[in-house]
Amino acid sequence: MPPALVTVPSPLFRGGKGVLVRKEKGEMEKALIINPDRCTGCHSCELVCSLTHDEECNLNLSRIGIMKTGGGGTNENIPVVCQQCRDAFCADACVVGAISRNEETGALVVNENLCVGCKTCVIACPLGGVLYHYIKACSMKCDLCNGDPQCVKACVYGALEFLALDEWGRKKRLKGAENLTHLFQVIYR
Amino acid sequence: MKKGGYAGQILYIDLSSENVKKEPLDMELAKKFLGGFGLNCKLAWDLLDPKVDPLAPENMIFMGIGPIVGTAAPVSSKHSVMSKWPSTGTISPGTTGGDFGLNVKLSGYDQVVIKGKARKPVYIRIAGDEVEICDASGLWGRDNYVTADMLWEKHGRNYAALTIGTAGERLVNTTICLVDKYSSWGKGGLPAIMGSKNLKALIAYGNKGVKIADPARLIKRTQMIFERFRKHRDYQKLVDLGTMDGFAGWADIHGMSMNNWSGRFPTQEAYRLYGTDYYLENIKAGRCADPTCPVGCKDHVKIKKGEYAGTEAWVSSFYGRVVHMAARCQVGSYEKTVKAQEFFQRTGLCIHSYTALIDWAVELYERGILTKKDTGGVELKHDFETTMYLAEQANRNEGLGGILSKGYNQAIKEIGRGCEKYAVQVKGMEPLYDPRINRMSGPELNQVVNPRGAHAPQGCITLYMSKDLPAEAFRPWLEDRGVPKDALERIFSRPGYFNIARMLPYGEDWVAFMNTLGLGCLRGRVDNFFKGEDWAEIYSAVTGFEMSLEELRQAARRNYTLYKALNVRAGFSREDDIFPERWFEPLQTSDRGTMVLSDYFGNPLDREDCEKLLEDYYDERGWDIKTGIPTVKTLKELELEDVAEDLKSKGFIK
């Protein structure tokens, strides 16, 4: 006889929601920003990521993945990595509360001792940010390298940036201004 | 001590018997020849019959994935192939970047050796331990782009696809393979060799990892190099323009010969038609880079307007290939250049080789050596129509285009009528640089002595790019790259002067070393922000074998000498290291006056001087001055006793 279905109660500990220590100190939160229009698909970030976390270079054990589409080239390569959601699907989905926020760095991290390897978080994440570590047999995801992401250092093209959120906002606005300027030049020339 | 870098396996594939064999890599051998190009030389020496017909099933394809390929080390992308090329008959290497080597390495193989001939079209799928020979009947007859798309459709985009185009299937010699549509591999006819084996493609997906002996040490060095790159003055230019950053160098400083080496492409024309602004505005669509390479030298281009709007191509070392279409074929506009490139890339015709042959054919036509009877009633001119006409013929391997596409050696025999007088070639391969324009620097001289044929990259001495540096500026570069003191004395024999022939071997070894380990070179662009010590540090950190720069240099010299010995056994000697006749004629240019063959310092060189250069070169290499063959003493110094014995027993040396 098959075992009776058990409804898993929503875990009491909602790991996704935490208050950043940095924010309390008045510091701006930083985020790992991806710029697909600059990604050449050189795999540097992936190789350095797995090297940092697993002491070997392995595309499948990298927390970040460059997904190439078409013939490859900028705009056709999309870096896929955890976006450290505020309300995180992975943390909500975790039945044992193994995913929690590091309050120093803002990263959602997997507690490998608690993780039971049910892979629900992998299923839950709509962005492909959580993967299953087939050697350690537990979930793996970007932990922002304790606030100093190695992938960003390895990306010379600027496809990955680690920026304070206000700085990112300014940069995006500046880019928008450039686009508009270009548009005006076309219209009014 | 933990070891890393090497995957530890050699993959042997026999297409005749459909036998796939995996053998462990002998680590002592790996230490001696390092890997990549070096191990290719060693395996070719042991396994390949030097007199084999290049298109026979017995010819073998050796693919070498160096120890640092697949690691996070900067520019760790180059993988090297070795075979007997059909266009030249030399046993020589070709290198490429692209994701193929990375995925073969991550599948767990350092070397792939392919021989035999499949009964029907096949492709090879490598995915970790799984290696299978698959039916390619649906792919046969498709061009490079379609083949890659179909393979990705079937197996997933995570595979790296090494494909041959339609020209390769028809055994055209002047062809190249493409990796993932953009990285070219095997100038001299790798596709023809694969075509003769009924091998349409190889695809690889690496689902394993590469162990690293000392991860922290590698990460530290990697960051240091990337940081140096970020601070480099050319950083932003390289990121935005890729190889097009060399435009001004081409248009203004050096230039490219045209009209079959009897003119120089005018600077003004270059700026009018091929400027970087026009490129950014109307041509560039995206940029691709080889694994971990900070210089994205692969261009994704798409024509935005006009007759050919929408034409899309992926081209490696884009700028060089623009130059060929611009100067040799004089197609007349950037759009036509890209249109022609697209056709060459799809069919797999080699832009470097075949444009030179077109240029030569036009001169033969103008001189009346070729007539409308040969061309099929078409007038040959330096224009887009002629280029496409001959390219289409080459793709079908018929008519005049078919004859030309066999390469200089065979085309000279088939055309006859004294056409060889106008062929600018060494060992059947076209040179790239004109020493009358560029002066006799490393790459120019390397074109003459390179065992592969007139192929320049092996002559890499970064600083040659700049033509106005004083002689002394070269010394720190050589010192940094571990060139011994006594050699420096010989190179800088008097103040304000260096002997290029004595400097060249150290540049060649340096590139051989890069191809051996798996480092991308791209001459100055990458080398500029590296130091010699980086390489010893990276090799040691990755593999766990502590080696100094001097030891690595010695291994590179060993590899290069073995490479030479391979070709000695295939029948090449000093008699084949010939300066093309046309270099001794003055070059009449429209905007730079008359240019003559001269050394780096502008002193004219005559035939005698050039022969002296050869002698100095052989002497510096420790090769026999009369024959250009490595001496027993040199071979023994490099621990190549078995090679010395073999050459002795076959009567090449005493």
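**Exercise 1.** Determine which strand order and pairing describe the open sheet of 3 strands in chain B.

*Solution.* The open sheet has the order 16-17-18 in chain B, with antiparallel pairing, where strands are DSSP runs (E, at least two residues; helices are H or I, at least four), numbered from the N terminus, and two strands pair if DSSP finds at least two bridges between them. Strand 16 (284-288) and strand 18 (312-316) stand at the edges with a single partner strand each, so one side of each is left without a neighbour in the sheet. Next, strand 16 is joined to strand 17 (residues 298-302) of chain B by 4 bridges, and B:C288 stands opposite B:K298 of strand 17.

This is a predicted model, in which local features need pLDDT of at least 70 and side-chain atom pairs count only at pLDDT 80 or more, whereas totals for chains, interfaces and linings use all residues. Residues are numbered from 1 along each chain as its sequence is written, while chains are lettered from A and ligands numbered from 1 in the order in which they are written.

**Exercise 2.** Work out how many residues each chain gives to the contact, and which element of chain A gives the most.

*Solution.* Chain A gives 30 residues and chain B 38, contact requiring C-beta atoms, placed from the backbone, within 7 Å. On the side of chain A that touches chain B, helix 2 of chain A gives the most, with 6 residues. Finally, strand 2 of chain A runs antiparallel to strand 13 (residues 210-211) of chain B, the two being joined by 2 bridges, and A:E56 has B:K211 as its bridge partner.

Conventions:
Contact = placed C-beta atoms within 7 Å.
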